[in-house]
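Here's a quick tour of a protein with a ligand in it, written for someone who likes to know the cut-offs. Have a look at the model first, then read on.

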Amino acid sequence: MIPSSPHPSRADASEPLVSPPDNGALGSDDRVVEGVAASPGIAIGPAYILERESGRVEEESIDPAKAAQEKERFEEAISQAERALSSIISVTREKLGEESSAIFEAQQLMLRDDTLHDAVVRHIEEQHSSASYAIEQVMTQYRRRLENSDSPYLRQRSDDLLEVQQRLITYLRRGELLADVPPDTIIISQALSAAEMMLFSRRGIRGCGLDYSGPTSHVAIMARALGLPAVVSLHDLSEHVETDDMIVLDGIRGRVVVRPSDETIQTYQERNRRFQEIRTQQRELAPLPAKTTDGVTIDLHANIEISQETDLLDDHGADGIGLVRTEVLLLLQGSITQPEDVQYKLYRQIVEAAAPRPTTIRVLDLGGDKMLPLARREHNPFLGWRGIRVLLDKPDLLMPQLRAVLRAATHGPVRLLLPMITTRAEVEQVHELLDQAREELSARKVPFKADVPVGIMVEVPSVALQATLFAEVCDFFSIGSNDLTQYVLAVDRGNDLVANRYSELHPAVLALIKRTADAARAADIPVSVCGEVAGNPVATPILLGLGVDQLSASPIYIPGVKRLIRRISHADARQLAREALVLSDAEDVQALLNDWFHAHLGHLPLGLDGDTLGARGPQVASS
Ligand code: PEP
Ligand code: MG
C-alpha cells in the first residue's frame, strides 16, 4: 500500500492531527504528528520555530553602541537590493523591453538616493532604532509626501518607494532569521524555500519539519541533497510545538514526536543506529551491477544538486550522473548568472569525479517553484515562463552555459539535458544555439567537445504523447516524473492540500511512461526516469516493466533500488506493468503492488530503518 501518497486526505484535516501514538514502540505520553517523509534520517533535539514574516515592522530600539552595526546591516541590505534589481532589469529588458525596465530603474535610483539614505542613517543614530524600523519610518514619511503631490508622476512613484522599502526590510529580516537560528536545532516552519534550506544547513541544523510542501518539492530535494532529515506536509505542526520543545523528527517514516518520553528517545536512538548500519551494509552492494535475476542490467544514476554529492557516487554504486540540477548548483554560488569560466570549472569538477561514467548536465530549469528573478509575478508559474522557455527568450543565460558544458565534455562523457520541452522547435533552436556556441569556442581556440548527446526531459504530457516525433530529434529521453505527474493529474507537486491526489504510479502516468519508453526503444535511444519515484524500490518493478532502462535518484536511494533489482526478474516486472496499465486508479495499483511483492519477495521492500515500507510508509523518500 505504498506508492500512492500516505498524506492525510483533506477529510483527515478535520481530525486532530496531533494524535496518540499509533506505534507500540513509542511511549504512552508521546504526541505524534504524521507527515510525509521527505529526506531520510532521524533527528533528535530541541525545536526552533521559524516565524514567518508578518509584514509589519515593530518599533524596536537598539543599544546606541550597536548603531554602527545596524548601519552596516542597512548598507548590506542596499547592496543586496541593488544586485537583485540589476538582475531584474536585465531580464526585464530582454523579455519585456526598455519601457518595462524603467520602473525598476526608478527603484534603483531611489535606492541610491542620498537624501533617503542619510535620513535612515540619522534615524538609526538619533532615535536608536533598528534598521528595519528606521527604513519604515523614513520611507513612509516620504511616501506620504509623494502621495500628496500634485504631480501624477510623483504620485505613481509612491508605489515604487513602497517596493523598495519592502525589499530592504525583507533582506534585513532574512539576515535576522539566519542569525537567530541556533545550531543543533530542528527547524519547524510553515514553509521554506530551497535556498533557505541550504542557508540553514550551513548553520548546522539537525533537521527540518514543514507544515506545507510535498516530497517532490524542491525544498525536499534540497534537504536530501544536503543529507538533512526532513518531514513535510505536517499541516499545523508549527502551532503545536514551541521553540526549545524536545522533538524527534523521523524522516524515514514521515512523522514528528513532540515532547517524547525518555523511552521514545531511546527507541529512536536505536532506530538511528540501525539506519546508519543499514546504510553501511547497503553500500556493500556498490561494486555489483543492478542486474535482474534473468540477466537485464539497469543503469542506476545519481541526481546531483551540490558538487559534494559526487563523493557519494562510488560509495553508493552509481553508474553515472543522470541529472545535474544546474539551477541549484549555480544558485549555491550566489547567483544563477555565473560567467562561463565559473560554470566550466564547476561542471568539470563533477564530470571528472564521475568519469569514466557519464554525467548528464541539465541546463537551467528556472521558474515554477524555483528561483527566477522575474519582473512580474505569474498566476500559474508551473504553466508559465519556465525551463527552456526562459532560456530561449534569454540566450545570455543559455549561451555561457552551453559553452561551459561543451568545454567540460573534454574531461569525460557528458550529455546535455533540456528541461520543460514542449515543442520540437525548441529542441531545434537549442541545436542552432549549440552551433553558435561551437563557433564561438572555435574562434577563441578553446578546447571543447563538439558532439555531446542532447536529450530532453519528458515532463509535459504532450511530449510523452508525441514521444515518437521527439525521438527523431533527441539522443535520449529522461522522464521527469515529478512534473509529469503534476501535469497529468493536475495536482501541484508542492501543495499538501492535494498531496493525497499526487501519485506517480497512477495508471495514467504509467501509460505515458510506457508510451515514452516504447518510442525510445523504437528509435534505439536510452530512456531514464529521473524524478523522485526512481529512488523508491516499491516503484522499481513497474518502472522496469514499462521499459525504462535507466533510473536516476538521490545517491542515498541507489543501494535500496539496486538490492531490489537484483532480487526480481525482468519478465515478472513486465507482467506486473501490463497488469498495472489496465487498472483504473492509484489505489488499485497500490493493491496490485502489495500482492505482487508478497508473492515475489514474501514482503514489501525494506525501508532505511530495516522495516518494510508499510501503509503509512514514505512515498518516495525511503528505500
Ligand atoms: C522532474 O520533474 O521529475 C525532475 C526530475 O525535475 P525537477 O524535479 O527538477 O523539476
Ligand atoms: Mg521537472
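Which elements each supply at least two residues of the shell around ligand 1? They are α7 (218–226), β11 (320–325) and α18 (481–489). Helices here are DSSP runs of H or I with at least four residues, strands are E runs of at least two, and both are numbered from the N terminus.

## Ground rules

This is a predicted model, where local features need pLDDT of at least 70, side-chain atom pairs count only at pLDDT 80 or more, and totals for chains, interfaces and linings use all residues. Residues are numbered from 1 along each chain as its sequence is written, chains are lettered from A and ligands numbered from 1 in the order in which they are written, and side-chain values use heavy atoms, with hydrogens and water left out.

## The shell around the ligand

There are 17 residues around ligand 1, and R325, R362, G480, N482 and R493 come nearest. A residue counts as near when one of its heavy atoms lies within 4 Å of the molecule. Helix α18 gives the largest share of this shell, 3 residues.

Sorted by class, the shell has 8 charged, 5 polar and 4 nonpolar residues. For the bookkeeping, Asp, Glu, Lys and Arg are charged; Ala, Val, Leu, Ile, Met, Phe, Trp, Tyr, Cys and Pro are nonpolar; the others, Gly among them, are polar.

## Contacts and burial

Now for the polar contacts, meaning pairs of N or O atoms within 3.5 Å; within protein, one must be able to donate a hydrogen and the other to accept it, and residues adjacent in sequence count only if both atoms are side-chain atoms. N482 uses a backbone N or O atom, 2.8 Å from an oxygen atom of ligand 1. From the side chain of E459, an N or O atom is 3.1 Å from a ligand oxygen, and a polar side-chain atom of D483 lies 2.9 Å from an oxygen of ligand 1. On its own the ligand exposes 290 Å², and the protein buries 100% of that (Shrake-Rupley areas with a 1.4 Å probe; for residues, only the protein chains shown count as cover).

D483 counts as buried because its relative accessibility is 2%; the cut-offs are under 20% for buried, over 50% for exposed and partly exposed in between (1.4 Å probe, protein chains only).

A cis peptide bond joins A355 and P356, with omega about 5 degrees. P356 lies in the loop between α12 (340–354) and β12 (359–362).

Two residues other than glycine have positive phi. S233, with phi near 55 degrees, is found in the loop between β7 (230–232) and α8 (237–240) and is buried at 0% relative accessible area. M420 has phi of about 60 degrees, lies in the loop between β13 (414–418) and α15 (424–444), and is buried at 3%.

## Two helix residues

Is R145 buried or exposed? Exposed, because its relative accessible area is 54%. R145 belongs to helix α4 (residues 131–147), and its C-alpha is 8.6 Å from that of S158, 13 residues apart along the chain.

D160, in helix α5 (residues 152–180), is buried at 6%. Between D160 and M110 there are 8.5 Å, C-alpha to C-alpha, and they are 50 residues apart in sequence.
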